[in-house]
Amino acid sequence: MKLIAAAFFLAFVICVGCVSSSAAETTRPNILFILTDDQGWPTLGCYGSQQVPTPHLDRLADEGVRFTDAYVMPQCTPTRAALLTGQHTARSGMWHVIPWYGQPWARIQEPAFREQLPREWSTLPKVLRGHGYATGMAGKWHLTNGVDGNYVELKSADAYGFDFVAPRGPGSQNEGDKWVDHLTDSAISFIRERQERPWFFYLSHHTLHGVVSAPAELVKKYREAGAPETGMFNATYLAAIEHLDNSIGRLMAALDEMQQRENTIVVFLSDNGGLGTVFNVGSETLTINRQEFDNAPLRAGKGTPYEGGIRVPCMLRWPAKVAAGQTVSTPIHVTDWMPTLLAAAGCDEGESDYDGVNLIPLLQGERLLERPLFFHMPLYDLRWAATPCAVIREGDWKLIEYFGDSFDRDLHYLPGRKLELFNLRSDLGETTNLASMERVRADAMSAKLHAWLKSIPTPIPTENPHFDPKKQFDETKVKQPWNR
């Protein structure tokens, strides 16, 4: 009898353990992270756009949290590296778009940057998979070159923590609808096939990166409504925004159909600001090459340290845990997403090297401790009028420090170090540089910025011993001996 009783007890314990394990699996949230490409802050109705309706993304904001001050890095590779590692680009060394290009004869020497995301590094999907999540992605990768993957796709899925990576779409990602439907279908299929345990899916769209493309019928709709063929607010650009918004509607409907709405975290984010202006490269005075969407009221756009380059649309919906209808003005950084999502998933990483903070308390009504946000951009990219600089935002104040040269608002080249200080509360468009009027504040913020750079440590650009005034604006994809 004792043996029988013991057997029943053991079976009961095992059964309870199974139920507890099953309960844990079903209570941990699913995570759908949607990253768009070059989508500016003012492109959505919920951020004030009147150019094109975005009802599905506006609804996502209404049903969750809309962040007014969400920050990323100003270009593709740096933001993606920061998102998937939780580390600032100053720490990872991935502050530059890959593959390599640069301006080796410029006045200031760019520090060497990392050109591949190492396989052995911890990544968001790798940690989640280690805690029982099914992990998948579809779309743009842009963190490696060669056998592991390239701009368009990740090839070595397992090495970076993914169980599944969607295949490339038909033709080129610059044609048709830029694979929006293909990538959306891949995400829906992944979710539908993996409902037995929690899942993470990274949906990385190519839209709105140039060359912008959209379904012909939508382009025709905007052309007939009066949108121009090319230039600012052109028909193709507006159609691409609507098509992307429609895809978000399909995703949300699929979650509803599969009864996964309540306990699925949906995050929508852009990798950098919108394509404000592209300049012709190779001149002391830059000239406009292309414009497609005005980032006003923010200044400038992609590639720049101004708000139009690093402040982006961002929403989160999690009905089971986060109250709907919130607008959060607390500044947040792209490095915050890894610790936030791991905390939501119950992944205890102990002491970690993440540079961001867990946003869950903020999402549930608490206040975050005030902290400065930092951005390190020690590179040239003259198509965006970008020269080596770093940024600190502290409260309402933002300081940009150009290390050795810059361009003024009229796009004239200026040699020498420069500080720009703006009060974003009163001057969101960064029209008035207060550095000379607020010299004490500017110097104190610069000192704090340098202390942060030193603490990492990360290289600060210095004078270029190979400076050639006749070639300083020349960009090349060929490494010089001192770049190797």
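Contact here means heavy atoms within 4.5 Å. Helices (H or I, at least four residues) and strands (E, at least two) are DSSP runs, numbered from the N terminus.

## Basis and confidence

This is a predicted model, in which local features need pLDDT of at least 70 and side-chain atom pairs count only at pLDDT 80 or more, while totals for chains, interfaces and linings use all residues. Residues are numbered from 1 along each chain as its sequence is written, and side-chain values use heavy atoms, with hydrogens and water left out.

The pLDDT, the predictor's confidence in each residue on a scale from 0 to 100, averages 93 for the protein, and 94% of the residues score at least 70. Where pLDDT is low, the predicted coordinates should not be read in detail.

In helix α3 (residues 76–85), 10 of the 10 residues are buried, so the helix is largely enclosed by the rest of the structure. Arg80 is among these buried residues, as are Thr77, Thr79 and Thr85. They pack against β1 (30–36), α4 (89–92), α5 (124–130), β6 (199–204) and α10 (337–344).

Gly86 follows α3 and has a positive phi, near 75°. Gln87 belongs to the loop between α3 and α4 and is buried, with a relative accessible area of 16%. Leaving aside residues up to four places away in sequence, Gln87 touches Ala82, Ser92, Thr335, Asp353 and Asp355.

One of the helices that α3 packs against is α5, which contains Gly130. Gly130 counts as exposed, at 64% relative accessibility. From Gly130 to Arg299 the C-alpha to C-alpha distance is 42 Å, and the two are 169 residues apart in sequence.

## Salt bridges

A salt bridge is counted when a side-chain nitrogen of Lys or Arg lies within 4 Å of a carboxyl oxygen of Asp or Glu. The structure holds 38 of them. In one, Asp256 pairs with Arg59, and the closest N and O atoms are 3.9 Å apart. This pair links distant parts of the chain, 197 residues apart: Asp256 is in helix α8 (residues 235–257) and Arg59 in helix α2 (residues 55–62). Asp256 is partly exposed at 33% relative accessible area, and Arg59 is partly exposed at 36%. Both belong to a network of salt bridges that also links Glu63, Arg261, Glu262 and Arg317.

Arg192 and Glu257 form another salt bridge, with 3.1 Å between the closest N and O atoms. Arg192 lies in helix α6 and Glu257 in helix α8, so the pair ties together parts that are 65 residues apart in sequence. Arg192 is partly exposed at 37%, whereas Glu257 is exposed at 55%. Arg168 and Glu153 also meet through their side chains, at 3.6 Å from N to O. Arg168 is partly exposed, with a relative accessible area of 40%, and Glu153 is buried, at 15%.

## Nonpolar cores

A nonpolar core is a set of buried Ala, Val, Leu, Ile, Met, Phe, Trp, Tyr and Cys residues joined through side-chain atoms within 4.5 Å. The largest has 53 residues, and Phe67, Phe162 and Trp337 have the most contacts inside it. Helix α10 supplies the largest share of this core, 5 residues. Apart from residues up to four places away in sequence, Phe67 touches Tyr47, Cys314, Leu316, Val328, Ile332, Trp337 and Leu363. A second, separate core has 32 residues, including Cys46, Ala134, Leu183 and Leu251.

## The β13-β14-β15-β18 sheet

Two strands pair if DSSP finds at least two bridges between them. An open sheet of 4 strands runs in the order β13-β14-β15-β18, with antiparallel pairing. The edges are β13 (373–377) and β18 (418–423); each has a single partner strand, so one side of each is left without a neighbour in the sheet.

Strand β15 (residues 397–402) pairs with β18 in the antiparallel sense over 6 bridges, and Ile400 stands opposite Glu420 in β18. Helix α12 (residues 439–455) packs on the sheet and touches β13, β14 (389–394), β15 and β18; its direction makes about 70° with that of β15. For such angles, axes are lines fitted to C-alpha atoms, for helices over the stretch in contact, and values run from 0 to 180 degrees between N-to-C directions.

Methods. Buried means under 20% relative accessible area, exposed over 50%, partly exposed in between (1.4 Å probe, protein chains only).
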